[in-house]
Amino acid sequence: MNHVRTRFAPSPTGFLHIGGVRTAMYAFALAKRHGGQFLLRVEDTDQTRFVEGAEDVIFSVLDQFGLTPDESDRHGGDKGPYRQSDRLDIYKKYAEQLVEQGDAFYSFESKEELAEHRRVAEANKERFAYRSPYRDLPLEEAKKRIAAGDEYVIRQKMPAGQGIIFEDALQGTMKFTTDDVDDGILLKSDGFPTYHLAVVVDDHLMEVSHVFRGVEWIPSIPKHVLLYKAFGWEMPVFAHLSLILDPGGGKLSKRKGAVAADEFLKEGYLPQALLNFLMLLGWSSPQEREHGESEREFFSMQDFVEQFDISDLNKSSPVFNREKLLWFNQQYLQQLSPDLFVRAFTDWVDHYGDDETFKQQLVAAGPEKVQNMLVLEQTRVKTLAEIPATLQFYFNEPGTVSFAEVKQLKNLTDEQVAGVYRDFLAELSRQESVSSWGHEAWEQSVRTIAERHDVKAGSAFMALRIAVTGSPFSPPLFEVMEILQKDTIQERIQRYL
RNA sequence: GGCCCUAUCGUCUAACGGUUAGGACGACAGAUUCUCAAUCUGUUAAUCCGGGUUCGAUUCCCGGUAGGGUCACCA
């Protein structure tokens, strides 16, 4: 495959759907696999949907996922401009060319006429493709009206009864007829192109070789095919990607959690985990089949790039399974070296942390102590966002807990619990520090104390855990005490006496 | 409703005419453990239905059913 150029072409709506990341990833991978270019084009032809700062979101998200474009408005490239609103004169020129050729026409219907058509179509229960009454208006007459100041659009002139056969790299062969297709608008009355015109013109001019886009574009394929034909341009290879479905049915929606790419990041997912999860939604490695490596499901972006091919994609639509994503994230979190884990968390706090008190507490504790705390959490959390809550007890004195509510302590007498606390405090006061006490000796002491008061060792640990952390769930007690240090431990246990 | 697409455990998927239909997530059970996790082991569960084609269909064809997409001066 020579000269592979792919593109990602989002609209700047202010947020990037997680499905868009998957589309971009596939496009990115194909380009990289074949030593080609991956470009980013901003499709901002809908003025009514202009959102301030939306382009920043797109660039920032792609960057965080490592899907950095080779060409774009911000990365350079000689096929620009890469923002459609900066290409208006280009679209106008090509639209007018089509009019001159007879493949499009100036059209003057009012909003009312259009609404009437729609009403009739609906009443008939069946939908007929729209045929504009202006499609056969002599060009001279149309030009006169325009000169007179009439508002106009340019519509594509759909031929009657023409079969269209389309070959999709993923979907296979599809057949359509122009009788089902509208005389669709190519150039709007505000001078902006519609998607159909812009996408064809741009993909050609930018020399895009492979187009990845969602299946929602399939119904408009005939329009695009006819445009390529009218211009006499060769079509790129198309792959219409399945849509990611919501567990509740339909397109992945916001009902149950995030759908925007940066929301997932904010929720504490690692980009590489997200990417790995996403790539498996509709793709499976060819190596599985060849080598029987059916158990493999961890792929770095590099692994993916090395083996990605359109033919390994699935046509059916996958359901977005948040449990599995969570599992992937946990796995990736665990695989991180302690240093990288700490870095991932501190980066996350810098980016998304909104608790100023907590941030100050981290600074006050110092990097070494924070690292010690974090290492204890590495196998215990599934997302980075869970971490702040788990560290609270280090910084804030926990409330006291009623033992009656704690399973292991229910059957103990007040005497027993108090005895354990008093003896432990006595032992502790003899130690220089928790660290110098040492894990072995510390644990032996607790066990001995437990025995002395006729309490199970587990219950003694639990009683201490509750006093020190305020919760029946915590990281290993000795390590926790080492971080908290002698004085704090004494104070906290003292509260129960 | 018209047009288009899809259909293997609850979910993601493998098996490109011949397998005891495999793996992963989840769930459940056990092991381990000072708790919760993590880890290890095991169990659970699928070819949508009906016709063909074939010696033989998860796999090919047709129909049904179900799900999805789309029918804008939005992309």
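Helices (H or I, at least four residues) and strands (E, at least two) are DSSP runs, numbered from the N terminus. This is a predicted model, in which local features need pLDDT of at least 70, side-chain atom pairs count only at pLDDT 80 or more, and totals for chains, interfaces and linings use all residues. Residues are numbered from 1 along each chain as its sequence is written, while chains are lettered from A and ligands numbered from 1 in the order in which they are written.

**Exercise 1.** Describe the surface near RNA strand B.

*Solution.* A residue is near the strand if its C-beta atom, placed from the backbone, lies within 6 Å of it. Step one: 64 residues surround RNA strand B, the closest being E43, S316, P318, N321 and F461. Step two: the elements that each supply at least two residues include helix 4 (111-123), strand 6 (172-177) and helix 12 (322-335). Helix 20 gives the largest share, five residues. Step three: the surface has 24 nonpolar, 18 polar and 22 charged residues, where Ala, Val, Leu, Ile, Met, Phe, Trp, Tyr, Cys and Pro count as nonpolar, Asp, Glu, Lys and Arg as charged, and the others, Gly among them, as polar.

**Exercise 2.** Locate K254 and determine whether K254 is buried or exposed.

*Solution.* K254 lies in the loop between strand 9 (237-241) and helix 8 (261-266). A residue is buried if 20 or more other C-beta atoms, placed from the backbone, lie within 10 Å of its own, exposed if 12 or fewer, and partly exposed in between. K254 has 10 C-beta neighbours inside 10 Å and therefore counts as exposed.
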